[in-house]
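I opened a new notebook page for this structure.

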Amino acid sequence: MQLYCNPASPFARKVRVSAFELGLTERIELLNITQSPVNPHRELRAHNPLGKIPALITDAGETLYDSPVICEYLDALAGANRLFPAPGPARWTALRRQALADGMADAAVLVRYEQTARPATLQWQDWIEGQFLKIRTALDALEKEDLDTPFDIGAISVACALGYLDLRFPAERWRETRPRIGAWHAAASERPSLTATRPA
Ligand code: BEZ
């Protein structure tokens, strides 16, 4: 299998962490690419019309996207519902947490593009603040949750979203008012799957 990815992408990291947790790392060749909304990658677009990473080319030659689909595919390949619990309360919680964390990462990536790809004179501070409001509200919601559950797709998504905030927005200092997720993230970050995929 081949994975279009970038070391900084929180969504590509989700896939790489999932593959690591499932013991599938050796079966995936990483195709690291760099692109932006104003500088799309032609070869990637031939596989994923949306031009987004991560995109996985399976051994059968089909391209899968986006990260929830790829992670669920890898989980099925490994068997036994290890990252995606079988239908029932644990599954709905894991999927909801994945949606919450992915939404947080989405908002953070949009701010990153606004601040790095858009000319300074065209940047819109109210819009940036609107994205940060989503991130901060999601963090506050996570602070109230019990994350000490099996390391499933919900936990992987949360860990990767928090890692992206640390990478691109260290000034946000989200831990200062959210000690419970801070402690959870510190412990989760020791997992080999997260240390092996930590962006430089
Ligand atoms: C980044 O450099 O922040 C980034 C790279 C790829 C996808 C998303 C974000």
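**Entry 1: the largest cavity**

I began with the lining of the largest cavity. I found Pro7, Ala8, Ser9, Pro10, Arg13, Cys160, Gly163, Tyr164, Leu167 and Pro199 there. I kept in mind that this is a predicted model.

I then looked up which elements give two or more residues to that lining, and they are H1 and H6. H6 gives the most, with four residues.

I sorted the lining by class. It has seven nonpolar, two polar and one charged residues.

How much space lies in the largest cavity? I noted about 40 Å³. I also checked how many cavities of 30 Å³ or more the structure holds, and the count is one.

Where does the largest cavity lie relative to the domains? Domain 1 (2-77) and domain 2 (89-191) both give residues to its lining, so the cavity lies between them.

Rolling a probe the size of a water molecule over the atoms shows where empty space is left.

**Entry 2: the largest pocket**

Next I turned to the largest pocket. Its volume is about 830 Å³. I counted 29 residues in its lining. Ser9, Gln35, Ile53, Val109 and Tyr113 lie nearest the centre of the pocket.

Which of the elements gives the most? I wrote down H4, with seven residues.

I sorted this lining by class too. It divides into 15 nonpolar, eight polar and six charged residues.

I checked the domains again. The pocket lining draws at least three residues from each of domain 1 (2-77) and domain 2 (89-191).

**Entry 3: how H4 packs**

H4 had come up in the pocket lining, and I looked up its packing next. Two packed helices are described by the angle between their axes and the distance between the axes.

I took H4 and H5 (residues 125-143) to start. They pack at an angle of about 155°, with their axes 9 Å apart. An angle over 145 degrees counts as roughly antiparallel, so H4 is roughly antiparallel to H5. The crossing of H4 and H5 is left-handed.

Then I took H4 and H6. Their axes come within 7 Å and cross at roughly 20°. An angle under 35 degrees counts as roughly parallel, so H4 is roughly parallel to H6. H4 passes H6 in a left-handed crossing.

**Entry 4: the backbone**

Last, I went through the backbone. I found a cis peptide bond joining isoleucine 53 and proline 54, with omega about 0°. Proline 54 is in the loop between helix H2 (42-47) and strand S3 (55-57). I had listed Ile53 among the residues nearest the centre of the largest pocket.

Tyrosine 65 and aspartate 66 are also joined by a cis peptide bond, and omega is about 0° there. I placed aspartate 66 in the loop between strand S4 (63-64) and H3.

I located alanine 80 in the loop between H3 and H4.

Technical notes:
Residues numbered from 1 in each chain as written. Predicted model: local features only at pLDDT ≥ 70, side-chain atom pairs only at ≥ 80, totals over all residues. Heavy atoms only, no water. 1 Å grid on protein atoms, 1.4 Å probe; cavity = no way out; pocket = protein on both sides within 12 Å on 5 of 7 lines; lining within 4 Å. Points joined across faces, edges and corners; volume = space filled by probe spheres on them. Nonpolar A, V, L, I, M, F, W, Y, C, P; charged D, E, K, R; others polar. Domains from an automatic or database assignment. Axes fitted to C-alpha atoms, helices over the stretch in contact; angles between N-to-C directions. Parallel < 35°, antiparallel > 145°, perpendicular 65-115°, else oblique. Left-handed = near helix turned anticlockwise from the far one by under 90°.
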